Amino acid sequence: MVYARLILMRLFKAVIVLFLIVIFNFLLIQLAPGDPAAILAGQAGAADQEFLNQLRERFGLDQPMYVQLWRYVSGIAMLDFGYSYRLGVPVFDLIMDRLPATLLLTGTAFVLSLVLGIVAGSMAAARVKKPSGSLIMALALVFYATPLFWVALMSVVVFSVYLGWLPAYGLYTVGADYTGFALALDIAKHLVLPATTLALFFMAIYTRMTRTSMLDAAQQDYVKTARAKGLKPSIIQRRHVLRNALLPIITLAGLQAGQMVGGAILTETVFAWPGIGRLMFEALEQRDYNLLLGIFFFSAALVIVFNIITDLVYSLADPRIKKGAS
Amino acid sequence: MSFFARFAQNRGALVGLIILLVIIAMAILAPLLFPESPWRMVQRPFLPPLSQDGFPLGTDTMGRNVASGLMHGAWVSLLIGLVSTSVALLIGVPLGAIAGYYGGLIDDVLMRFTEFFQTIPNFALAIVLVAIMQPSITSIVLAIAIVSWPPVARLVRAEFMSLRNREYVEAARLVGQSNTTIIIRQILPNTLSPIIVLASLMVATAILLESALSFLGLGDPNVMSWGYMIGAARTVIRQAWWLSFFPGVAILLTVLALNLVGEGLDDALNPKLSRER
């Protein structure tokens, strides 16, 4: 029951946030430079008035502002994001088409960064005043400061161009027609570079967070008790310190979801990964504002869903806050 | 111990400060060493590094001097990092101060507003804002400021909440100082240390954001920036790695230096906490 209420509260909040983003989006469309109809016609190479009016009617651009706003809001409520001006295809279909690739990439990168970050962070915490611990933290700082798109490009140069180990572009080998296991293996190979480069930045954050959190937890009374009981240090580290240190990391991971979306835009651009991040880059290049704003809305929705999931995981992991439906 | 002595105790911070000074020097010396516009095509394209005098880092796809672009780009990165952080402080500090000082309903409303901005994916919002406003230094600065003020507001709010009932504030109230005076003259000066530390880290993040925006082609078309150089060389990465390599190292060093300096400032300004972590 408690969880049902928690979910309900969060969903209510999410709907309000999404509604505000829709209004915000609509205002941005009005601010977008130029007449979308003219942009479309210009791109298509024909710009006579007749054709422009036709396009305007087709996209509802000839209606008064409040009608357009109403159409826009009610449309999105029914998952109708309008058309991509440039491609003439519903924005929702385009996004749905690209969503699985993005979920695969961000999901893999998320798990990878979390696991590696927690491992590296606990290693650094166990070696606080030793050079090896400082080395881990120095590396984490360097990864934190490195531009994601640059690591992506450099990994292409090293692992794809120079060493020739891994493919640098796309989701699978075009024209190879793999099926079943061979296809999965092919996709996995294509996933290595994008997922690793995306994970590095977040790994750095989780490493620093895990270390701080573990050092804090090590000061607690229950750790002293465990030590007094004569438990082995390795068991204390794992069972008492790490478990309690993980809680703030779950919270942080939820907050990083938005960053992850941003990182995906850059990684997908470099690796021609056919996800919504790459779609956003294409929309930018073609000044396809409706598609751009549709993706923006969708990425915000994704982040909200992820936040709700982390909240639930958190309340499952820490029974003390069962009633914390803030 | 003096401020600088505490700062210098952190050896990383000292290294960061030196790197930062070198980059500032690059920005200042750029117009003197490379008086020509970094956009001018001065040699044949794709000249590798060290292959010709005057072009230590080679030339790009259009025959422009990479070394010149790198020096001029330093100025843009630092400028956008500083200005956008200042704008973010101008938004975040008052909001956080008001929310933390008054509390209650005002605090509730302002914090919901802040949360809203924290929920929206940062970078995606920045992209949309710059694309709609059209790429220019102003739109980039605004977009970065709009996505980066929420942490400032939260920090300042927390500081104000813990300080608003201190004795010196009560005393100021008793002598009849107005709320505005108390906020600006009494409490704000006492919150400066954490704000300064946060601001130095924000400049670093802003520089990363700017480079990512220019990489995607959303940079100001009139100024040479590191992100633009990498973005323009993206499609020729197989033939000319150096076009992306050097600007990337420049971004990395700048951001790293600012983070190190931020840590040093933290040690120097919050001496109680330092050395414990």
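The expected span of a helix is 1.5 Å times one less than its number of residues. Helices here are DSSP runs of H or I with at least four residues, numbered from the N terminus. This is a predicted model, so local features need pLDDT of at least 70 and side-chain atom pairs count only at pLDDT 80 or more, while totals for chains, interfaces and linings use all residues. Residues are numbered from 1 along each chain as its sequence is written, and chains are lettered from A in the order in which they are written.

**Helix H5 of chain B**
- H5(B) covers residues 122-133, and its 12 residues should span 16 Å; the end C-alpha atoms sit 17 Å apart, which agrees.
- Of those 12 residues, 10 are buried (20 or more other C-beta atoms within 10 Å of the residue's own, with C-beta atoms placed from the backbone).
- Among the buried ones are Asn122(B), Phe123(B) and Ala131(B).

**Where the chains meet**
- The contact (C-beta atoms, placed from the backbone, within 7 Å) takes 40 residues from chain A and 31 residues from chain B.
- H11(A) brings the largest share of chain A's side, eight residues.
- Phe149(A) touches Ala212(B), Phe215(B) and Ile230(B), among others.

Conventions. Two residues are in contact if their C-beta atoms, placed from the backbone, lie within 7 Å. Helices (H or I, at least four residues) and strands (E, at least two) are DSSP runs, numbered from the N terminus. Lists of a residue's contacts leave out its neighbours within four places in sequence.
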